[in-house]
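Subject: Structure handover

Hello,

Here is the structure we talked about. Please open it alongside this note; my findings follow below.

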Amino acid sequence: MKKIAVEFVIFSVLLIFYSQNADALCVKASRANLRSGPGTKYEKTWSVYQYMPFAKLEKYGKWYKVKDVDGDVHWIYAKLVTDKYLCGVVKTDNTNIRTGPGTRYKKKSYSPIDKYYSFRVLKKKGRWVNIKDMDGDTGWVHDSLIWVQ
């Protein structure tokens with residue numbers, strides 16, 4: 001009976017984790033074009049860099065319909081994205097990136113950064129998120145300033 005209870009708890013935790021991230025996609029290519037429809041003949045709506053996050057809305061063939069940080073809808077080719085890790089994007093201009101998880105830590109040399117700066121999420125400590133950008137630079141940012149998928 002105890003084994004069944006432990007297996008149920010493990011299954012429940014995995015199900016909750018998966019359902020929270022099931023609709024998350026990250027750009028894995030160094031650059032990706034977003035389109036107004038599912039194909040290269042559709043108008044380009046935005047060009048983004050690696051680690052830009054999106055919420056997956058639906059799939060049509062080899063294309064995903066996605067929503068961005070502003071709530072705008074685009075289409076992206078499936079081979080350009082992954083759901084293997086979480087990514088985030090800055091929501092406002094002049095966002096400080098810190099050397100550690102808190103305002104008592106120094107600002108990074110490339111701080112502050114502007115809206116649409118994208119990154120991969122490495123870990124979280126309280127309300128602070130440890131990030132890595134496409135150049136390999138790391139830092140910490142408060143979770144109220146970012147959108148993570």
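First, the terms: two strands pair if DSSP finds at least two bridges between them. Strands are DSSP runs of E of at least two residues, numbered from the N terminus. This is a predicted model, in which local features need pLDDT of at least 70 and side-chain atom pairs count only at pLDDT 80 or more, while totals for chains, interfaces and linings use all residues. Residues are numbered from 1 along each chain as its sequence is written, and side-chain values use heavy atoms, with hydrogens and water left out.

Start with strand β1. It pairs with β4 (residues 53-60) in the antiparallel sense, over 3 bridges. Cys26 faces Pro53 of β4 there. β1 also runs antiparallel to β7 (residues 81-82), joined by 2 bridges. In that pairing Val27 stands opposite Val81. Ala24 and Cys26 point one way from β1, Leu25 and Val27 the other way, and all are buried. Buried means under 20% relative accessible area, exposed over 50%, partly exposed in between (1.4 Å probe, protein chains only). In a regular strand the side chains alternate between the two faces of the sheet.

Next, the disulfide. The structure holds 1 (a pair of cysteine sulfur atoms within 2.5 Å). Cys26 and Cys87 form it, with their sulfur atoms 2.4 Å apart. It links distant parts of the chain: Cys26 sits in β1 (residues 24-27) and Cys87 in β8 (residues 87-90), 61 residues apart. The link is right-handed, with 130° about the S-S bond. Both cysteines are buried.

Now the packing. A nonpolar core is a set of buried Ala, Val, Leu, Ile, Met, Phe, Trp, Tyr and Cys residues joined through side-chain atoms within 4.5 Å. The largest has 17 residues, and Val27, Val48, Phe54, Tyr64 and Ile76 have the most contacts inside it. β1, β2 (31-35), β4 and β5 (63-67) each give two or more residues to this core. Apart from it lies another core of 10 residues, including Tyr117, Phe119, Val141 and Ile146.

Last, the open sheet. Its 5 strands run in the order β11-β10-β9-β8-β12, with antiparallel pairing. β11 (138-142) and β12 (146-148) are the edge strands, each pairing on one side only. Within the sheet, β9 (residues 118-125) and β10 (residues 128-132) pair over 5 bridges. Lys124 stands opposite Val129 of β10.

Best wishes

Terms used. Helix = DSSP H or I, 4+ residues; strand = E, 2+ residues; numbered from the N terminus.
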